[in-house]
Each structure stands twice: as structure tokens, then as C-alpha cells.
Amino acid sequence: MLSRIYIKNFALIDTLEVSLHNGLQVITGETGAGKSIILGALRLILGERADIKSISNTEEKSIVETEFDLNNQFKKFFVENDLDYEHQTIIRREILPSGKSRAFINDVPVTLDVLKELSSQLIDIHSQFETSNLFTSEYQFKIIDGLSENKQIIEEYQNEFSDFISFKTQLKKYQTQLSENNKESDYKKFLLTELEDLNLDDVDYEELQNQLSVQENAEMISENLAQILSRFHQEEVGIFSFFNEAKSKLSKIAEVSNNFSELDERLETSFVEVKDIISELENEADEIEINPENLALLSELNNRINALFLKHNVSDVNELKEIRDQLAGEQKGASELETLIAEIEGNIVKKEKTLQTLAEKLSKNRKKSIPVFVQKAEGLLKKLGLEKARVDIDLQDSADFNQFGKENIQLLFQANSGFPLKPIQTAISGGERSRVMLAVKKIIAESDELPTLILDEIDTGVSGKVAEEIGNLMREMSADMQLIVISHLAQVAAKGNNNYKVVKQDISGKTQSTIVTLNDDEKLNEIAQLLSGSKITEAALAQAKELIG
């Protein structure tokens, strides 16, 4: 139950605070007094978008705070959202001068999604301008599912349906991805094969260049090595012969003079190094082989690698390896994608079976409840002055699953006898809308666990006996819930368990709106004023007393 409203610095409201109670709470007030402003503030509690234009004093923040008396059925929500449960829970919205909005539940900051989830279970605001809700499938399913006691089944179905849609979305995404991959698949497979055939892990590009150069210049290398070795090994004029002679002579000199010892050692070392070089040159000369076939193989491998450098716009074998690994990964990814698609398709089939079972249960319960709805609705409409009105609900099987099962719904209506039932959006007139909506709200209230319902001038356009019946109907509804009604009808105001009036006044040269609680005498005068206008007559007072009873 909504037990308190506090509003500060919001539009024409400087500060407003009012306590509310169980039963029928009736709010009256002249047109333009500020009733819609209070509703606008309450809609912030429902998570609607905050507008910086609502701030009256732009140097201070705007505050809308409500207090609800809760029972233990809401504990689960608080636990799931890591909130402190309080029997008297306070929900607050703040609009800062910067335009930023903040939301709190028991002084704990929350997101608007969490706020909406909680407030939607606590309060429903219905305006005379929102009767178009009757035309939506969502609202029509809500009507019949409430009567059908389908709450748990529809919750389970919608959870499954959410997963089903998620799987369908994933499937479409991966199928599109696979299709795009397949468009280039053959070419990428060719590129991968081309790279794998080269055995790049075994290729040393620098060594390849060296081997190729040796093969291409083998004849020149062989000739020059032969000449070098020949000069070293000639009997009389060879370098080795000269070196030995020089080394022998320098050794003799070093024996008689220490000045030449170091030079003798250096010459000996150089001689050893030259001998080692000549030995390696001889080995290299032995290995040099002019082999046209090997030259052709090396040239072919080099050309293939260079061609791939050009094709892939790289200059290094390691870069080719990276491209190869990437292409291999994509091929593996495509295979994994196909496996994933098959898995999702399997999940979709399972979900379809579950949804089908739940949808059949929903439909069965709905069809049983249609006669109950028709009887209740037509009985209420008769009381509300639509004696000849007829209603029905038409359920048609759907080819596809939707949010509410596997069927479509159509609320049918006809206000006059002798004419066929038609979809309500095409058959209902403006004067009939509010009465039909009130009847529907009454039916929903009987099965809904919503603690608080606010009806904003839903009784507009009626009078006399019908107005009396509307008041009686609202009083009936308030027996099971807190019903807050904004009304201009004396017949409705007379039924209020508690009455309030929204007034607008000038304070220090500034127009401000506020709300006051009416005592019994003030309630009587307010009802008389609704009957007679600004001047309250004795007849109006007498009629007001009669209405109050």
C-alpha cells in the first residue's frame, strides 16, 4: 500500500506531503489545480524519464519520495537485488540541477531497471487517456491470464521464450557469419594449401639465399679456390714454402735476441691460423659441386617464396607463417562454427517442445476462462449503463510462438444489439471507453495481487445513475486493494474512505500547488461544490449528505 507521498521542488509544487490509507482514496480539485503534476511526479517512481524542466528552482534538486507498506511476499525481490528489506520501504527519485537523475530504494542507489521492476509490482497508474491499452494484445492477454490463474505458467513460458529468442538470434548471427566465411572459403583454402606445401617451418630463408648464390656461382668459386690452394702448395715458390723458410730464420734470430721473440711467436700463431684457413678452404673446395638439378630446386623454392611475399605483401618468412596460422585458424573456426550452429539448432528444438507444452496449457486455461470473463464484463457494463453491450475474446492459433504462447488474441465488443461483435478498437466509442476500461480494471483487480491502483479521471463523461454505479464499483474494488481515484464526480467522491483536495494558491507572489486532507465537514462541502459549482446551496448540501449516506 502507498502510505506517503513527498514531493519537493517539482513544477508548481514547492513542498507537498500527504499520508494515504487503505480503501478508496479520492482526490478532487479544480481543473489546473495540479492533480496531473502529482501524477507526473509519481510516474518518476515508476521509472519514467526525468525531465529537468520539471525543476522549479533550478538551483536545487527536485525530490519525489514515496513510502510503501509491504508484506513479506516482497522479501525475495530485495534479497535477489541485494537490498535491505523494510516493512515500510521508501522509494525516492532525485533530479539534480544538472539534469542527472538518481533512484534509491531504502536509501540504496539502484538502476532504473530495478526501480521499475519493484514499482511495477506495487502500483499501477491509469489515465483516461490510456484506454488505448485495451487495444493491445499484451493487455488483452493480461486480462484473460489473470482470470485463468496462468501467472506461474506465463512466467515460466516467457522465461523459456526469452531463451528461445536468444537462441534464434544467436543462430541467425552464426549462420550469417558462416555464410560470409563460405563466400571466401575456397580461395582461403587455396591460400592455406599453398603456404602449407612450402613447409615454412623448415625454411631458413637466409640459408636458402646463401645456397642459391653458391650454386649460381659454383664454377667461379671452384676456380678461385683452386688458384688459392695452388699458390699455397707450390714446391719452391708456394706460400707455405716461403712461410716455413721465414719462420725458420726468425726462430734463429729470436734465439740470440729477445727483441724478436714476440715477433717469432706472432709469426708462429699466424702460420697456424693460415694453415687452418687453408684446411677449411680445401674442405669447401671438395664440397663445391656444380649441380644443375639442385640449382633448379633451390631457384624454384626461392621463386615460390618470393611470389608469396608479393601476393601477401610481406617480406619475411615469419610473416608468411603468421598468415598461414591465421588461415588455418579460420578454417578451424568455420568447423567449430558449424558445430556450434548444430548445437544451437538442437537447443531450439528442445525449447520448441517445452514452449509447445506450456502454450497448450495456457490456451486450455484461457478458453475455460473466456465464459467467466464474458459473464463478469457484461454484468459490470450493464451496471455502468451499457445494458446491451456484449463482449467476447477470440483466440486463434498462431503459426509461430509469440510472447504469450502460440495464439493470437482479439477482444471483441459491441455496444448495440443486432450487430456483430467486432475488434474493440473498431467498435468502441469515446464515451464507452472509460466504462469498459473500468469494468476490465475491476475484473483484473479481483485476480491481480497489485497493492495500489491509481485511476486518473477514468470516470470522465458520465453522470447520474451511471456515476453512482461507478462509485459503487470503485468502492467494491477498494475492498481488495488500495484504490486512489482522481475524479470530478460527486458520486465517486462520496464513496471515498478518505478524501483529499488539490489546491492552487499564490504564496509570496508565486503560484503553488499542494494537497490537503479533508475532514468530514470539508468532504461534505467538496461534494456539494462538485454538485452545484462554486456556490454551495442547501440543496447541494442535502444531496451531498444523501450521497455519503
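Biologist: In which helix does Asn-302 lie?
Modeller: Asn-302 belongs to helix H11 (residues 292–312), where helices (H or I, at least four residues) and strands (E, at least two) are DSSP runs numbered from the N terminus. This is a predicted model in which local features need pLDDT of at least 70 and side-chain atom pairs count only at pLDDT 80 or more, whereas totals for chains, interfaces and linings use all residues. Residues are numbered from 1 along each chain as its sequence is written, and side-chain values use heavy atoms, leaving out hydrogens and water.

Biologist: Why is Asn-302 called buried?
Modeller: Its relative accessible area is 8%, and buried means under 20%, exposed over 50% and partly exposed in between (1.4 Å probe, protein chains only). Asn-302 is therefore buried.

Biologist: Which residues does Asn-302 touch, not counting those up to four places away in sequence?
Modeller: Asn-302 touches Tyr-205, Leu-208, Gln-209 and Leu-212, a contact being heavy atoms within 4.5 Å. The C-alpha atoms of Asn-302 and Tyr-205 are separated by 8.3 Å, although the two residues are 97 apart along the chain.

Biologist: What makes Val-256 count as exposed?
Modeller: Val-256, in helix H9 (residues 239–256), has 72% relative accessibility and therefore counts as exposed. Together with Ile-253, Phe-260 and Leu-263, Val-256 makes a nonpolar surface patch of about 360 Å². Patch residues have over 30% relative accessible area and no salt bridge; like charges are joined within 9 Å, and nonpolar side chains (Val, Leu, Ile, Met, Phe, Trp, Tyr) within 5 Å. A salt bridge is a side-chain nitrogen of Lys or Arg within 4 Å of a carboxyl oxygen of Asp or Glu. Accessible areas come from the Shrake-Rupley method with a 1.4 Å probe, and for residues only the protein chains shown count as cover.

Biologist: How do you know that the buried residues of H18 line one face of the helix?
Modeller: In helix H18 (residues 538–548), Ala-540, Leu-541, Ala-544 and Leu-547 are buried. Seen down the axis, these buried residues fall within an arc of 120°, so they line one face; the arc is that of the directions from the helix axis to the C-beta atoms. The face turned away from the buried side carries the exposed residues Glu-538, Ala-539, Lys-545 and Glu-546.

Biologist: What do the buried residues of H18 pack against?
Modeller: They pack against helix H15 (464–477), helix H16 (490–493) and helix H17 (520–532). H18 is followed by Gly-549, whose phi is positive, near 75°.

Biologist: Why is strand S4 described as largely enclosed by the rest of the structure?
Modeller: Seven of the eight residues of S4 (residues 62–69) are buried, so the description applies. Strand S1 (residues 2–10) runs antiparallel to S4 and is joined to it by six bridges; strands pair if DSSP finds at least two bridges between them. Ile-5 has Thr-66 of S4 as its bridge partner. S4 also pairs with strand S5 (residues 88–95), in the antiparallel sense over eight bridges, and there Val-64 stands opposite Arg-93.

Biologist: What makes S9 and S11 the edge strands of their sheet?
Modeller: The open, antiparallel sheet has three strands in the order S9-S10-S11. Strand S9 (390–402) and strand S11 (422–423) each pair on one side only. S9 and strand S10 (residues 405–414) share nine bridges, with Asp-394 opposite Gln-410.
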